[in-house]
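Please keep the sequence and the coordinates in view while reading.

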Amino acid sequence: MRRFLNSDFFYAFTRSPLAIVSLLVVVLMVLSAILANFIAPTNPFDAASLNLMNGFTAPMEPNMFTGETFLLGTDDQGRDLFSAILFGLRVSLFVGVMAVGLAMVLGVLLGLIAGYLGGWLDTLIMRLADIQMTFPSILIAMLIFGVARGLLPAELREEMAITVLILSIGLSEWVTFARTVRGSTMVEKEKEYVSAARLIGLNPWQIMLRHILPNVLGPVLVIATITLALAIIAEATLSFLGVGAPRTEPSLGTLIRVGQDFLFSGEWWILLFPALTLLALALSVNLFGDWLRDTLNPRLR
Amino acid sequence: MSFVVARDLSRTFNLSDPWIVRKLTMRPKRLLKAVDAVNFEIERGTTYALVGESGSGKSTIANMVVGLLAPSAGSITIDGQNLGDASMSRQEQQRLRRRIQMVFQSPYASLNPRWRVGDILSEPMRAFKLIDGATAQRKRVAQLLEQVGLSDSDASKFPHEFSGGQRQRISIARALASQPEVIICDEPTSALDVSVQAQVLNLLKSLQKEFGLTYLFITHDLAVVSTMANKIGVLNQGVLVEEQDTEDLFTTPREDYTKMLLSSAPKIDFDS
């Protein structure tokens, strides 16, 4: 810990207001998503606690029937928006983190295999990556999402929606990881410590995982942060289009979609607050990722 | 029969374009003969040096001797056994691998930067199942570090905390960890400055005396060769042009190429 506090990295961090603020926002959002149960004044998805009379209450104004006030107002069903946003944040972050985790594991493994073993496996993996790069990743995610939904029995669709969402975003983002890892693996495998490992008869898997992997992980963490912002936005986009998180388990994207219906009838807050939350989250993750990249590896730019 | 025997050792590299490009441009295959029918023998406990300019195929030979690269033709046998023998079981292969180790050229790239020295040195013990148990391995690591002139507290450090010469000592200790009989030294001192070169060479010499090691020395530096080698082979463009005992080669070189090499080596003449 002391070594970390004395490092150049930490010094650069204390010198960058941008990094401090963006990390602070991210940490705050992650904490409030994890602790949503305790922070949220109401459970927005317990139908019994909702009072339809509270519908369309403007922020910080007492409701004209019940007299209750809500920090950020309520939606059409009288649901407290602040609570809904906290729980939506939780879904958005969970999907984002899991999708990036999936993309990272997949991309790093395929990149290692392509870079170290080479040959036809390399060609196969990288051409697959090339093909995938020619489509926007949101389109790939929608394709995977649609196929998965078609394969699943109807009664499982709502339940599995989040899993399918993670799968489709994860599978659409592995390419960046694979390309970077393949490149650094090809550099590392020519180094003599790999020859030394081959001399004592280690098999390719042992060499890839024990020797090469620790040496190619640096840029991967940076890419993971930047991809997290992309994944959160992708999730929101999918949910906004109605192919993501279901209404029973809404993410920020779902909330924005719901709010959009009421924007032009004057209930602006139902759209605005979830949208602002998403903006703040994606922006600060992105800014922090950019700062990480510039600080840890200026060559990646 | 000698301990290490190379018979008609050849290696061809395929530098051709991919098949489809070749067919479209109608160009023939391009092959590079890096090593062409090289023969040499090394007696147990002696040092054989291969000298030559860069591109003469020295390192290719080194890689073939340790089994990192398969020969295109010919064979390498060590104590009568051939590493390229496909009929060998995995266990037999490991037993033979243990007896042949290598010290590499670059002191910077030859040690994994993310591993502690102790882990680097104990890895061969685990791979060859030489020493079981963490305590016994740690003891052996300390012993190895002492043998190469480092202290046992260095085991917990990372490679970047050492100088080039010290790293080369770690590299030598790693080779010793598997208790080898042959060590191939691929330009072990060419990345070091002159005073450190002498220390590393002296270390290699004293280890040879202590463990009866057989060395194959790959170098372009004739000064290094003159102090280390019993026998010298001169390589030119993949062909072994001359082979003599060290003293004879320096006094009566037979080939023109060898004479040119000898005369082009920088000398310090204190009299003039």
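Leaving aside its neighbours within four places in sequence, with which residues is Q147(B) in contact? With contact taken as heavy atoms within 4.5 Å, the partners of Q147(B) are R140(B), L176(B), L203(B), L207(B), E210(B) and F211(B). Q147(B) itself lies in helix 5 of chain B, residues 134–147, where helices (H or I, at least four residues) and strands (E, at least two) are DSSP runs numbered from the N terminus. Its C-alpha atom is separated by 9.9 Å from that of S206(B), 59 residues apart along the chain.

This is a predicted model, in which local features need pLDDT of at least 70 and side-chain atom pairs count only at pLDDT 80 or more, while totals for chains, interfaces and linings use all residues. Residues are numbered from 1 along each chain as its sequence is written, chains are lettered from A and ligands numbered from 1 in the order in which they are written, and side-chain values use heavy atoms, with hydrogens and water left out.

The contact between the chains takes 14 residues from chain A and 23 residues from chain B. Between them, about 1700 Å² is buried, 57% of which is given by carbon and sulfur atoms; buried area is the accessible area (1.4 Å probe) that two parts lose on being put together, summed over both. On the chain B side, L68(B), F104(B) and E123(B) lose the most area to chain A, together 29% of what that side buries.

E123(B) also forms a salt bridge with R210(A), the closest N and O atoms being 3.8 Å apart; the term denotes a side-chain nitrogen of Lys or Arg within 4 Å of a carboxyl oxygen of Asp or Glu. The rule finds one salt bridge across this interface. Helix 4 of chain B supplies four residues, the largest share of the side that touches chain A.
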